[in-house]
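Please keep the sequence and the structure in view while working through the numbered points.

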Amino acid sequence: MNIIRFKINEKVLCHKHEDPEGSYREARILDTRENNGNTEYYIRYTEYNKRLDEWTTTNNIIRYSSKENIIRPTTKEDGIGQRKMTRSLRQSNVSMLEKDSEINDKIGTQENEIFQRTKNIQNVTIGDYDLNVWYFSPYPGEYGHVERLYICEHCLKYMSKANTYIKHREHCPYHFPPGLLIYKDDKKHLAFFEVDGAEAKMFCQSLCLLSKMFLDHKTLYYDVEPFYFYILCEFNYNEQWKSDDYHIVGYFSKEKASPDGYNLSCLMVLPHYQRKGYGKMLISMSYELSKIEGIPGSPEKPLSDLGLVSFKSYWSGVIAEELLNSTEIPSIEDLTLKTGITKEDCVSTLDTLGCISPYRGSQIISINQNTMEKLRKKSLENKVLVKKELLHWKPHSVVVKYPNVMQTLRTYC
Ligand code: ACO
Ligand code: ZN
């Protein structure tokens with residue numbers, strides 16, 4: 001029997017689920033529900049990212065009268081498990097929290113409502129994996145109100161029932177995303193597909209809804225025509241089908257024409273593939289495309305905390321490598337040309353690396369013994385990047401099909 005009742009919006013102390021330290025964190029109650037005769041509370045931890053929101057029971061909550069035993073964000077706040085966080089991520093989390101409120105002030109009431117909403121779907125099954133959902137996603141009708149959503153990893157059709165999902169998996173005719181194969185690494189079993197939002201509208205809308213489960217602050221769900229979607233897949237040979245089977249790892253979207261010079265709009269790696277270097281591989285693809293186009297690019301803002309840490313890591317790795325491999329110190333313009341990274345992003349990265357000095361009212365790159373060490377360390381961090389020789393792509397209308405491998409599935413459904 002539940003004796004203690006907490007009110008919506010009440011500030012409380014809550015013992016986080018699966019937290020081995022057993023102390024309490026400051027939180028706020030956003031919602032309540034009845035589950036098998038028990039009252040459950042939807043908790044948002046005050047100083048932590050929204051992806052740590054959870055339903056919890058009365059037993060885990062105490063009134064906000066004593067501040068003893070409160071845990072502040074320290075080493076574990078990645079929302080996926082108990083992995084340690086880097087210092088830079090902790091710092092970036094703080095700035096993203098500040099940005100959260102700035103952004104919410106700016107956007108309209110309707111969108112604001114969506115951002116503030118509690119998680120509507122708790123779990124998702126995709127392919128062979130069961131994942132915890134991080135954020136609200138506006139799946140239509142009944143699909144937006146289920147405990148678990150089932151998603152076909154090939155066509156991204158979403159289903160609310162396990163039986164329907166099992167049957168669909170047996171009969172789904174698609175084994176790869178509905179677009180052009182632009183990259184295939186047979187040694188690493190990795191491939192990229194370019195999917196046109198105007199041609200495979202339903203697939204791209206489903207991808208955006210899936211992506212929103214792990215991505216805050218993004219509003220694109222249905223208006224997919226102005227974008228290309230670059231989808232990274234792992235593949236393996238399927239004996240039964242006598243062909244390769246492609247498993248979606250993550251993607252990034254790119255505006256067909258960006259007046260702001262963005263070369264990447266949304267970036268997402270599914271949680272079970274995260275922290276293996278795939279985020280940086282997707283980022284490196286976005287810059288390879290920019291280099292082919294001859295236009296330096298930058299990601300659309302705001303970046304999420306994880307997006308920021310990934311971009312910073314990519315930029316410093318690539319720039320460190322360029323500096324170490326150059327016979328003489330390059331100019332910032334040279335770096336931009338070679339990497340596809342905008343001048344502004346180059347300068348901020350060089351600053352972080354301690355390689356920038358003022359000179360006659362301007363800024364120049366300068367490297368000393370200390371920064372050399374830092375550069376060497378950073379240059380080793382780019383593990384899985386795109387190999388240019390395997391990329392077969394030309395800007396927009398002149399897309400080259402991958403030799404001998406391209407199958408002719410150009411539209412979805
Ligand atoms: N905690 C600490 N560091 C992390 C974490 C984490 N949870 N996740 C990634 N990193 C660091 C890695 O250590 C690595 O840095 P290092 O090489 O210097 O050690 C760097 O980030 C990149 O790691 P990858 O393994 O290449 O990236 P991953 O495959 O995990 O994908 C991504 C990164 C795409 C941001 C993923 O976390 C994700 O999909 N998050 C949810 C959606 C999101 O936030 N997308 C970005 C939005 S911004 C935008 O769309 C423009
Ligand atoms: Zn399917």
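1. In the hairpin formed by strand 6 and strand 7, two residues lie between the strands, and G127 adopts a positive phi near 60°. Strands here are DSSP runs of E with at least two residues, helices are runs of H or I with at least four, and both are numbered from the N terminus. The model is a predicted one, in which local features need pLDDT of at least 70 and side-chain atom pairs count only at pLDDT 80 or more, while totals for chains, interfaces and linings use all residues. Residues are numbered from 1 along each chain as its sequence is written, chains are lettered from A and ligands numbered from 1 in the order in which they are written, and side-chain values use heavy atoms, with hydrogens and water left out.

2. Strand 7 (residues 129-132) runs antiparallel to strand 6, and four bridges join the two; strands count as paired if DSSP finds at least two bridges between them. Within this pair, Y129 of strand 7 stands opposite I126.

3. Strand 6 also pairs with strand 8 (residues 148-151), in the parallel sense and again over four bridges. Here I126 stands opposite I151.

4. Are the faces of strand 6 (residues 123-126) covered or open? Both are covered: N123 and T125 on one side, and V124 and I126 on the other, are all buried. Buried means under 20% relative accessible area, exposed over 50%, and partly exposed in between, with a 1.4 Å probe and protein chains only.

5. The zinc ion (ligand 2) is coordinated at 2.1 to 2.3 Å by the SG atoms of C152, C155 and C172 and by NE2 of H168. Donors are N, O and S atoms within 2.8 Å of the metal (3.2 Å for Na, K and Ca), and sites may look incomplete because water is not among the atoms. The site is tetrahedral, with angles of 99 to 118° among its four donor atoms; four donors count as tetrahedral if all angles lie between 85 and 135 degrees. The donor residues follow the spacing C-x2-C-x12-H-x3-C.

6. Ligand 1 makes contacts through its oxygen atoms. One oxygen atom is 2.8 Å from a polar side-chain atom of S313. An oxygen atom of ligand 1 is also 3.5 Å from an N or O atom in the side chain of Q274. Helix 6 gives the most to the shell around ligand 1, with five residues.

Note on methods: Four donors count as tetrahedral if all angles lie between 85 and 135 degrees; four count as square planar and six as octahedral if opposite donors are over 155 degrees apart and all others between 65 and 115; anything else is irregular. A polar contact is a pair of N or O atoms within 3.5 Å; within protein, one must be able to donate a hydrogen and the other to accept it, and residues adjacent in sequence count only if both atoms are side-chain atoms.
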